[in-house]
Amino acid sequence: MSVTNGHIEGPRERWVRTGGIELCVAELGDDAQPTVVLVHGYPDSKEVWSEVARRLAEHFHVVLYDVRGHGRSTAPAPLRGGFTLEKLTDDFLAVADAVSPGRPVHLVGHDWGSVQGWEFATVERTEGRIASFTSMSGPSLDHFGHWIKQRMRRPGPRATAQLLGQGAKSWYVYMLHTPVLPELAWRGPLGKQWPKILQRVEKVAADGYPTGSLPQDAAHGAWLYRDNVRTRLRRPRPDAYAHVPVQLITPLDDAFLSPKLSAGLEHWAPRLVRRTLPAKHWVPRTRPDQLASWISEFVRANEDGIPAQDAVATGPHADRFGGQLVLVTGAASGIGRATAFAFAEAGARVVAVDRDAEGAIRTAEMSRLIGAPEAWGEAVDVSDEQAMEKLAAKVASEYGIVDVLVNNAGIGLSGSFFDTTAEDWKKVLDVNLWGVIHGCRIFGKQMADRGQGGHIVNTASAAAYQPSRALPAYSTSKAAVLMLSECLRAELAGQGIGVSAICPGLVNTNITSTTRFAGADATEEKRLQKKTSRLYGLRNFPPDKVASAILRAVVKNQAVVPVTPEARGAHLMSRFTPRALRAIARLEPPL
């Protein structure tokens, strides 16, 4: 099983006859596993799901079919009246009976596939055939009709604004109701330009999608709107209640649907789980990893009989990071491990990276227990450029493009400038600065190429702006990280990629026990390490508070985040009383 140029290769194909047409059905994965049926939208064919299907097929029996009149499925004759929701329901039941006889299927729909899915999940004749429904970017026409009527009955300022807002987003619906014009446009210039429009507006990768059948699919699909929209919006069903658990995934930047459209949806779907993600409309192509993770989590919960609400992460910022891929370096201990755990609690998928392989694996194992749907441990020295290149290639191939990168790995070095050798400087700069540079350059480039935004967090230090006679090498490396972060923030802002520099003060981690002291022999160095660790232990500022600050920095897109009171105080002094800070720097450290 593989995917080339956006097309699914190696699936088992079959044809299902229903209502005088033939549906092209593709199956992937082990048919002994739970069946997940993916239904595409407009103007797509089943290939829109290829990346999601490839990932789901590792765990489930995945089924895709071309909706009537699309892809390789035949079209009804005549077209008028051939695309009603009642007939589309017949098609779905025929496919479900063919691929999963006697066992309910898990339904997933996008765009018009979701519009259909709501019909399947709410009509009486499908009861017992659907185990769960995941909806994205496509409302129930019945719910939409009631939504409109409710706001027209009480036309206050807010209701009017919502109606006008959604009306503006639905401009294309009016166009598709015009006779002949949509068909001419799709078979002519629009059909030719559509792939470029998707690349420019939605940042959909130019990988051979959409397929060559697009002009015909779009022309036929116009009847989805003509046969259903006006009828249902005028006379919405009063009994359109979902008889299955529903997972609603809402792309917050969808150009065609307002998030306000799902207000009050719990009335119609009592077993509703809500998810949001910062993305545009075509999420099956732009966010396949995150969708596959959420779909897998929802399917497993329902298969295990766990209430869906109980299976969803509920930690701080779970609505923001659920299903996202987060990579943390220096994750075997301290701030890195606490950060991995915080993202795991928020439902993110976590890649824990450290040169301590066992420590990284332990962090990944604990992340899964805490709430990460998936977590992996990877052993890498961040100062090794080639090793980081290989890691990035592996992560992109096996786990996906990173949504949040936390460059946290670092080492400590204390000692006067003249006691610090060139080799000492190289070791500190290789890890503390070049490790960050490698992470930003390699993983940040993947984020930028994907075109869907992201966030980079670089762990600097209060030492970045607080001079010290005892930390010339360490402070220099962290000051460079701070400036690098500021420069990258300016450069990447236009691509939707945020950059934050986290500046902790005295935090109780094991970096103090491994800090080297330039100019000290082994015995003296061990004494100084113990004394420093004891001082930091007495301060006892926990790393999980730094982790919380990191999550907030991503959510709020903060530029520079001092953590701990002393870090915030030094930051203020560096801006308003720098001479006093320089005076403090001359003092002999208490060691």
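Predicted model: local features only at pLDDT ≥ 70, side-chain atom pairs only at ≥ 80, totals over all residues.

Me: Good to know. Does His110 count as buried or exposed?

Reply: Buried, because its relative accessibility is 0%. The cut-offs are under 20% relative accessible area for buried and over 50% for exposed, with partly exposed in between (1.4 Å probe, protein chains only).

Me: And what is His110 in contact with, leaving aside its neighbours within four places in sequence?

Reply: Contact means heavy atoms within 4.5 Å. On that basis the partners of His110, leaving aside neighbours within four places in sequence, are Val39, His40, Gly41, Trp49, Met136, Ser137, His281, Trp282, Val283 and Pro284.

Me: Let's zoom out to the sheet with E7 in it. What's the strand order?

Reply: The order is E3-E4-E6-E5-E7-E8-E9-E10, an open sheet of 8 strands with mixed pairing. Two strands pair if DSSP finds at least two bridges between them. At the edges are strand E3 (12-18) and strand E10 (272-277), each of which pairs on one side only. Neighbouring strands are turned by 20° against each other on average, direction ignored.

Me: Which helices pack on that sheet?

Reply: One of them is helix H3 (residues 112-122), touching strand E5 (35-39), E6, strand E7 (105-110), strand E8 (130-136) and strand E9 (246-251), and its direction makes about 145° with that of E8. Helix H11 (residues 288-303) also packs on the sheet and touches E5, E7, E8, E9 and E10; its direction makes about 155° with that of E8. Axes are lines fitted to C-alpha atoms, for helices over the stretch in contact, and angles run from 0 to 180 degrees between N-to-C directions.

Me: In what sense do E4 and E6 pair?

Reply: Antiparallel: strand E4 (residues 21-28) and strand E6 (residues 61-65) pair over 4 bridges. Ala26 stands opposite Leu64 in E6.

Me: Switching to helix pairs now. How do H4 and H5 pack?

Reply: Helix H4 (residues 141-153) and helix H5 (residues 157-169) pack at an angle of about 140°, and their axes are 9 Å apart. H4 and H5 are therefore oblique to each other. For the classes, under 35 degrees is roughly parallel, over 145 roughly antiparallel, 65 to 115 roughly perpendicular, and the rest oblique. The contact is made by Phe144, Trp147, Ile148, Arg151 and Met152 of H4 with Ala159, Gln162, Leu163 and Gln166 of H5.

Me: What kinds of residues are those, by class?

Reply: The contact of H4 with H5 has 6 nonpolar, 2 polar and 1 charged. Here Ala, Val, Leu, Ile, Met, Phe, Trp, Tyr, Cys and Pro count as nonpolar, Asp, Glu, Lys and Arg as charged, and the others, Gly among them, as polar.

Me: How about H4 with H9? What angle do they pack at?

Reply: H4 and helix H9 (residues 214-234) pack at about 45°, with axes 8 Å apart. That makes H4 oblique to H9. From H4, Leu141, Asp142, Phe144, Gly145, Ile148 and Lys149 meet Asn228, Val229, Arg232, Leu233 and Arg234 in H9. By class, the contact of H4 with H9 has 5 nonpolar, 2 polar and 4 charged residues.

Me: There's a sheet of 7 strands too. What's its order?

Reply: E13-E12-E11-E14-E16-E17-E19, an open sheet with parallel pairing. Strand E13 (375-379) and strand E19 (560-563) are the edge strands, each pairing on one side only. The twist averages 15° from one strand to the next.

Me: How many residues of E16 are buried?

Reply: 5 of the 6 residues in strand E16 (residues 454-459) are buried, and the strand is mostly covered. E16 pairs with strand E14 (residues 404-407) in the parallel sense over 4 bridges, and Val406 stands opposite Val457 in E16. E16 and E17 also run parallel, joined by 6 bridges. The bridge partner of Val457 in E17 is Ser500.

Me: Last one: where is Arg586?

Reply: Arg586 is in the segment after helix H23 (578-585). Arg586 counts as exposed because its relative accessibility is 60%. From Leu184, Arg586 is 402 residues apart in sequence and 78 Å apart in space, C-alpha to C-alpha.

How values were computed
Residues numbered from 1 in each chain as written. Heavy atoms only, no water. Helix = DSSP H or I, 4+ residues; strand = E, 2+ residues; numbered from the N terminus.
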